[in-house]
Amino acid sequence: MDMQGSRTLAITQQQAWQALNDPEVLKACIPGCESIEATQEGSYALVNAIKVGPVAARFKGSIVLADIQAPESYTLNFEGNGGAAGFGRGTARVALAPLEAGGCELNYIVNATVGGKIAQVGQRLIDGVAKSMAESFFKRFEEEMQRRHAPPEEVAADAQEASEPGALKKMWSRLKGGAGEAAAPTPEG
Amino acid sequence: MGANDFAKLPHIGVSLKRKEDARFLTGAGNYTDDIQQANQKYAAFVRSPHAHARICAVDTAAASAMPGVLRVFTGADIEGKMGGLPCGWLISNPDGSPMKEPMHPILAIGKVRYVGDHVALVVADTLEQAKNAAEAVVVDYEELAPVIDMKKAKDGPALHDEAPDNHCYKWTLGDKAAVDAAFAGAAHVSRIDLVNNRLIPNAIEPRAVNASYNRASDEYTLYVANQNPHVERLLMTAFVLGLPEHKVRVIAPDVGGGFGSKIFLYAEDVALTWAAKELNCAIKWTAERSESFLSDCHGRDHITHAEMAMDQEGRFLAMRVHTDANLGAYLSTFASAVPTILYGTLLAGQYTTPQIYVEVDGWFTSTAPVDAYRGAGRPEATYVVERLVTRCAWDLGLSQDEIRRRNFITQFPYQTPVALQYDIGDYHACMDKAQQLADVAGFEARRKESEARGLKRGIGYSSYIEACGLAPSNIAGALGARAGLFEAGEVRVHPTGSVTVFTGSHSHGQGHETTFAQLVAARLGLDPSQVDIVHGDTGRVPFGMGTYGSRSLSVGGTAIMKALDKIEAKAKKIAAHLMEASDADIEFANGEFTVKGTDKKIPFAQVALTAYVPHNYPLDKLEPGLNETAFYDPTNFTYPAGTYICEVEVDPATGVVRVDRFTAVDDFGVIVNPMIVEGQVHGGLVQGIGQALLEHGVYDPDSGQLLTGSYMDYTMPRAADFPQFTLGHVCTPCTHNPIGAKGCGEAGAIGSPPAVMNAVLDALKDLGVKDLDMPATPHRVWQAIRQAAQPAAA
């Protein structure tokens with residue numbers, strides 16, 4: 001499974017970097033994350049509940065950070081074992097770049113493989129589950145950052161304009177009247 | 001009695017409703033999972049989640065301590081105590097060296113080699129306890145790179161130390177020099193590259209085992225969903241467990257479909273039988289559908305390049321074929337024979353091609369073992385021949401039927417250049433009838449009508465031949481077979497004249513209880529209701545090689561016929577005594593014994609009674625009783641053949657293929673029950689068309705995970721995918737069995753895939769599409785159309 005994406009964040013590169021290295025933030029934002037603990041510098045143990053189609057299991061695993069170029073990028077190597085449900089592992093390359101108008105841009109490339117039952121019965125669902133988990137992660141991440149850093153209005157507005165998918169998402173969430181609306185001001189707002 | 005006389009008997013050629021359906025349709029079938037034994041425990045298997053890995057450690061402590069768990073067995077428990085699963089056919093390389101036969105352990109020892117490989121066996125009081133404990137077994141794996149693509153297998157990491165390049169064997173057949181010479185002087189050469197897609201069998205009943213051990217008698221009883229219980233017993237006792245054969249009873253009760261996948265001796269069968277003694281209990285295991293996908297032997301999976309040399313008129317001069325065959329991670333029971341003996345020998349098809357050379361490379365890969373699946377080698381051969389022949393027609397500007405007619409064999413017996421001798425057939429008659437039933441004359445009008453609706457209509461031909469009733473034993477033995485190929489039948493006439501037949505053929509959906517009853521009733525002048533058929537039990541049936549290769553009627557039925565010959569001969573002597581006549585003057589017909597030239601007669605039942613109440617009986621010359629057994633080893637294969645014509649409509653905008661018409665004309669020789677034959681053909685066609693359009697077993701090329709491990713991703717055909725089939729028959733009775741039967745169980749699956757693909761390619765011809773591999777899914781068809789259009793657009 002391969003996935004890549006880009007998000008514009010209404011916080012500084014340094015703030016984003018700190019957040020992405022903070023187990024508390026990660027725990028709050030990773031969907032299904034039950035615990036995450038630093039085991040040593042750049043290594044974490046986590047327990048995560050994941051459901052792919054008919055297979056639901058608690059995955060116990062680890063995250064090890066590598067190629068750390070603070071505050072710009074790291075590679076996140078993860079693996080998890082869900083017992084009879086199978087296993088998953090992969091890498092996520094995460095890069096942060098400051099934006100001229102303020103805020104920063106986060107780019108990610110994820111390569112993951114799954115094995116065992118989860119691969120056998122959920123193949124068709126895995127991409128969808130992964131995308132929805134990523135969506136959910138960033139939605140929570142944005143909310144968490146909003147809560148922590150409450151950026152200046154105009155920075156967030158510019159950032160939204162710079163990112164077409166983000167703008168569309170805001171329009172969509174406004175149409176739905178969703179919670180995303182409150183998290184950041186709209187370009188017009 | 002010859003085939004022509006046999007065919008005229010009452011009950012022959014009659015669509016008698018199936019006797020067994022009364023119990024199947026009322027839920028009274030008795031399948032392995034229905035069997036309950038005393039002191040019965042349950043098994044669960046721990047299976048590898050990796051395609052290739054070293055087993056560093058297996059920690060069973062936590063699992064063993066869980067409630068209800070009797071024992072957790074691993075490879076360490078069986079190592080040195082039993083052999084591995086045997087392969088039933090030795091294939092030799094051109095230099096005479098034997099194929100590589102790595103150990104196939106009952107529980108993985110040291111390494112796992114495919115996702116689903118059996119690592120540990122957990123036995124517990126309940127199924128839930130067994131499954132929970134299986135989840136608690138901790139296996140420490142060191143992952144190794146898998147070998148998935150057989151084209152790269154020789155450079156991949158070695159799965160087995162015995163086969164460093166993952167090459168199991170090279171096998172060749174035919175005169176290479178003569179073929180090369182013919183190609184050098186040919187006016188035309190057509191070439192084709194084909195993939196025969198991997199299939200995953202899906203019988204309604206999954207594999208199931210219920211094994212028990214009796215300490216008092218030191219006897220084992222194994223209930224198993226299996227197609228050939230005597231072979232299962234022989235392989236397990238002689239090759240794996242080293243047990244005396246008479247101490248093991250194997251019973252294959254009602255079995256819900258096999259399609260080949262239940263021929264083989266599987267590790268689960270052996271593991272439970274062995275563990276039953278270790279734990280002094282009965283143990284049951286029924287595969288879940290997911291386990292079936294992972295661990296049942298898969299089918300097909302060939303990559304082939306084929307070429308045909310022709311003269312100016314399109315007459316075939318020589319054929320040259322190279323095939324890579326995927327054997328999976330281990331050699332299953334008949335894995336080695338399927339892409340060789342059962343494949344290369346069929347490459348003549350229905351044609352007079354004078355020279356054929358075939359070369360096959362068999363490869364180990366980190367995938368489930370591949371073995372016989374409905375047709376076993378003959379569908380693969382037919383697909384190569386019939387796709388190539390249609391390609392030849394298009395290359396030469398001939399029609400699909402014309403090129404076939406120009407090359408049909410018309411003189412019989414016919415010796416092919418690839419070892420077989422066809423005894424009889426009438427290929428032009430099959431083609432004539434198929435064209436008439438398919439209304440080929442109206443095709444052009446239908447094509448225009450489709451065109452008007454924006455759809456592409458195509459017609460595809462396939463003139464298949466296959467070989468049934470693998471035979472004879474002495475020749476097969478010389479070719480590497482490690483089993484005999486005869487069949488056994490016992491006819492037990494009871495004192496009141498009713499009959500029980502014990503047959504080595506096994507029925508798992510084929511309707512033997514009806515067909516064989518018709519055969520016996522016809523011979524003895526009884527009603528079929530007076531004849532019961534017993535099969536699938538080594539404790540009751542004298543011996544048997546089981547059911548595969550469409551052999552039941554031609555081989556199993558003939559064994560019964562031979563036993564009936566003995567019954568008739570003895571009964572005539574009893575009748576002669578009763579009517580005070582000479583043996584030579586007794587005639588038997590319509591259930592009555594008569595004395596030639598007189599009006600004296602006595603019924604069969606009276607002779608039967610006399611045999612068991614021998615008050616007036618020639619005891620000085622004849623034993624009492626009327627019970628005879630016969631073994632029949634055929635002198636040749638039988639050769640069912642036919643022509644199939646398929647018409648499809650393809651939507652060029654979406655790539656969706658719809659089978660609009662399908663006509664199948666088969667020559668199965670003499671038919672005993674037309675309704676059962678029709679059912680067999682329907683089932684075969686559905687499986688074959690399913691292969692052509694829908695089914696595909698896919699492993700992830702990097703990780704070796706089975707991507708099509710459930711019905712989410714593996715598309716089984718459904719009724720709505722098919723039109724009503726049009727069936728027809730031609731009958732040239734088989735010349736070397738007394739029934740004249742040839743076999744009908746696999747023909748549909750053998751003949752249909754190339755008919756469908758030729759039709760799809762015919763529909764796409766004027767869009768420039770020349771090549772397409774099965775399954776022709778909408779995505780693939782759409783892509784092929786787009787790719788063909790690209791050069792023009794650029």
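**View 1. A proline loop in chain A.** A:P71 sits in the loop that joins β4 (55-69) and β5 (73-81) of chain A. Strands here are DSSP runs of E with at least two residues, helices are runs of H or I with at least four, and both are numbered from the N terminus. The peptide bond running from A:A70 to A:P71 is cis, with omega near -5 degrees. Most residues other than glycine have a negative phi, and most peptide bonds are trans.

A quick word on what you're looking at: this is a predicted model, in which local features need pLDDT of at least 70, side-chain atom pairs count only at pLDDT 80 or more, and totals for chains, interfaces and linings use all residues. Residues are numbered from 1 along each chain as its sequence is written, while chains are lettered from A and ligands numbered from 1 in the order in which they are written.

**View 2. Chain A as a whole.** Chain A has six helices and seven strands. Among the contacts in chain A with a separation of 6 or more, 54% come from residues 24 or more positions apart. Two residues count as in contact if their C-beta atoms, placed from the backbone, lie within 7 Å.

**View 3. Where chain A touches chain B.** Here 13 residues of chain A are in contact with 14 residues of chain B. On the chain A side, the elements giving two or more residues are β7 (104-115) and α3 (117-149). The most come from α3(A), which gives six residues. Sorted by class, the chain A side has four nonpolar, seven polar and two charged residues. Nonpolar covers Ala, Val, Leu, Ile, Met, Phe, Trp, Tyr, Cys and Pro; charged covers Asp, Glu, Lys and Arg; the others, Gly among them, are polar.

**View 4. Helices α18 and α19 of chain B.** Helix α18 (residues 674-693) of chain B packs against helix α19 (residues 747-764) of chain B at an angle of about 40 degrees, with their axes 7 Å apart. That makes α18(B) oblique to α19(B). Angles under 35 degrees count as roughly parallel, over 145 as roughly antiparallel, 65 to 115 as roughly perpendicular and the rest as oblique. Axes are lines fitted to C-alpha atoms, for helices over the stretch in contact, and the angles run from 0 to 180 degrees between N-to-C directions. As for α18(B) itself, 14 of its 20 residues are buried, so it is largely enclosed by the rest of the structure.

**View 5. Helices α7 and α8 of chain B.** Helix α7 (residues 229-241) and helix α8 (residues 267-279) of chain B pack at an angle of about 70 degrees, with their axes 11 Å apart. They are therefore roughly perpendicular to each other, and α7(B) and α8(B) make a right-handed crossing. From α7(B) come B:E232, B:M236, B:V240 and B:L241, which meet B:D269, B:V270, B:T273 and B:W274 of α8(B). This contact has five nonpolar, one polar and two charged residues.

**View 6. Two loop residues with positive phi.** B:E580, in the loop between α16 (552-578) and β22 (586-589) of chain B, has a positive phi of about 50 degrees although it is not a glycine. B:E580 is exposed, with 8 other C-beta atoms within 10 Å. B:N590, in the loop between β22 and β23 (592-595) of chain B, also has a positive phi of about 50 degrees without being a glycine. B:N590 counts as exposed, with 12 C-beta neighbours inside 10 Å.

**View 7. Around B:V493.** This valine belongs to strand β19 (residues 487-493) of chain B. B:V493 counts as buried, with 28 C-beta neighbours inside 10 Å. Leaving out residues up to four places away in sequence, B:V493 touches B:V499, B:I567, B:A608, B:L626 and B:N627.

Key: Left-handed = near helix turned anticlockwise from the far one by under 90°.
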